[in-house]
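Have a look at the model first, then read on.

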Amino acid sequence: MSDAAPISFYDEVGGHDVFARLVHYFYEGVAEDEVLMRMYPSYDMDGAEERLRMFLEQYWGGPGTYSERRGHPRLRMRHVAFHVNPDARDRWLGHMREAMDRVQLAPIHDATLWDYLQRAAYSLVNTFEPTPTSKET
């Protein structure tokens, strides 16, 4: 019997560097997406990137910085103010898939992370109304 603690997914995939690259690549795509950019204040893109990175790191066994700074993740509550319809979900997933392809995780890690991200994205859909045509709506 081993006394060694199990290695977390976070450590298996490469830790902070991998999650930082993943989230950075993701937000490069979001920055070019007219629908998703309506959900982000342009002055806080760095903050959005940091929050997603910290959340994913914590979820996958890395530092608990997200909860230390922001409390419980409460994903649905934090996203209820945003117009998350199937189009927004699919765009989000598309940018995340591109980011994951750039990071090039091992197949088992890719499948594990992708499964989670898909389930999370689907769970955050809160409307089936079409995307508003302006940022103010």
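Helices α1 (9–13) and α2 each supply at least two residues of the lining of the largest cavity. Helices here are DSSP runs (H or I, at least four residues), numbered from the N terminus. The largest share of that lining, three residues, comes from α2. By class, the lining has eight nonpolar, no polar and no charged residues. For these classes, Ala, Val, Leu, Ile, Met, Phe, Trp, Tyr, Cys and Pro count as nonpolar, Asp, Glu, Lys and Arg as charged, and the others, Gly among them, as polar.

This is a predicted model, where local features need pLDDT of at least 70 and side-chain atom pairs count only at pLDDT 80 or more, while totals for chains, interfaces and linings use all residues. Residues are numbered from 1 along each chain as its sequence is written, and side-chain values use heavy atoms, with hydrogens and water left out.

How much space lies in the largest cavity? About 40 Å³. A search of the whole structure turns up one cavity of 30 Å³ or more. A cavity is a set of points on a 1 Å grid over the protein atoms alone where a 1.4 Å probe fits but cannot get out, and lining residues have an atom within 4 Å of a point. The volume is the space filled by probe spheres set on the points, which are joined across faces, edges and corners.

Axes are lines fitted to C-alpha atoms over the stretch in contact, and angles run from 0 to 180 degrees between N-to-C directions.

| Helix pair | Angle | Axes |
|---|---|---|
| α2 (residues 16–30) and α3 (residues 45–59) | about 140° | 9 Å apart |
| α2 and α6 (residues 86–103) | roughly 135° | within 8 Å |

The α2 and α6 pair is therefore oblique, a word for angles that are not under 35 degrees (roughly parallel), over 145 (roughly antiparallel) or 65 to 115 (roughly perpendicular). Contact, meaning heavy atoms within 4.5 Å, involves Val-18, Leu-22 and Phe-26 among others of α2, and residues of α6 including Trp-92, Met-96 and Val-103. That contact of α2 with α6 splits into 10 nonpolar, two polar and three charged residues.

Technical notes
1 Å grid on protein atoms, 1.4 Å probe; cavity = no way out; pocket = protein on both sides within 12 Å on 5 of 7 lines; lining within 4 Å.
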